[in-house]
Amino acid sequence: MKRRFALPALTVAALVTSLFVAVSPASAHGYISSPPSRQANCASGAVPNCGDIVYEPQSVEAPKGSTLCNGGGSRFAVLNDNSKNWPATTVGHTVTFNWVITARHSTTNWEYFIGNTLLASFNDNGAQPGATKQHTVGMKGFTGRQTVLARWNIADTVNAFYSCVDVNIGGGTSSPPPTTTPPTTTPPTTTPPTTRPTTAPPASGTWAAGTAYRTGDVVTYNGVSYRCLQAHTAIAGWEPPNVPALWARA
């Protein structure tokens, strides 16, 4: 009799565990997708050997007030490893940071730092954000390679969500100087200009978790085409029909 009852108990436990694993990505929170944060680069495979953060880029949650990329918690310490080859996005002296959010927590504020310098703070006064959030932040005279720490401070808990973004400030290519070649004396042609056809962005194939998508990319999912509305790295649970803030039917 004991064996007869033990087997169903184990079966139920396994079922509950599998259900928890299956829905855990859907109870995600948020992270900076563009410019790609360290967890975004891990999730997309741009940086290898990141551990569990590959599956949970949105879950870097820890008590408020930390200046570490993982928030100083017990998980995702790889995000603090400055010896890894983190890609740095070339930016200007003003940067727009884009968050992807799937659990819309009541928010105190959003803070951005380089080192101990507060670059900007955006007060939400307890409001809930939408499925995406965007902030434009000045770099306060910093130049070259820097790591920007972003903190999303939650209003009704002691925790915050953390994202570190590696940037190269002012390291982009400049506009080419004006040409000094004298203008030609050939009379202008009278051939009317041709109209170039408008083409859709190239298709990106079938939607797949772990892929970094750009705004305008087109994918197929269950035979339906979708166009990307917001740059992000896809994870299980964010299939195009499930996240209208990220995908629209093409």
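These notebook entries record what I looked up about salt bridges in this predicted model.

**Entry 1. Count.** I began with the total for pairs of this kind. The count comes to 5 salt bridges.

**Entry 2. Arg38 and Asp166.** I next asked where each partner lies in the chain. Arg38 belongs to helix H2 (residues 38-44), whereas Asp166 belongs to strand S9 (residues 159-169). The two residues are 128 residues apart, and the pair thus links distant parts of the chain. I then looked up how accessible each partner is. Arg38 has 3% relative accessibility and counts as buried. Asp166 is also buried, at 2% relative accessible area.

**Entry 3. Lys133 and Asp124.** I recorded a salt bridge between these side chains at 3.6 Å, N to O. Lys133 is partly exposed, its relative accessible area being 23%. For Asp124 I noted a value of 16%, and this residue is buried because the cut-off for that class is under 20%.

**Entry 4. Arg214 and Asp217.** I recorded a salt bridge here as well, with 3.8 Å from N to O. The pair is counted because the distance falls within 4 Å. Is Arg214 buried or exposed? Arg214 is exposed, with a relative accessible area of 58%. Asp217, in contrast, is buried at 7%.

Note on methods. Residues numbered from 1 in each chain as written. Predicted model: local features only at pLDDT ≥ 70, side-chain atom pairs only at ≥ 80, totals over all residues. Heavy atoms only, no water. Helix = DSSP H or I, 4+ residues; strand = E, 2+ residues; numbered from the N terminus. Buried < 20%, exposed > 50% of the residue type's maximum accessible area, 1.4 Å probe, protein only.
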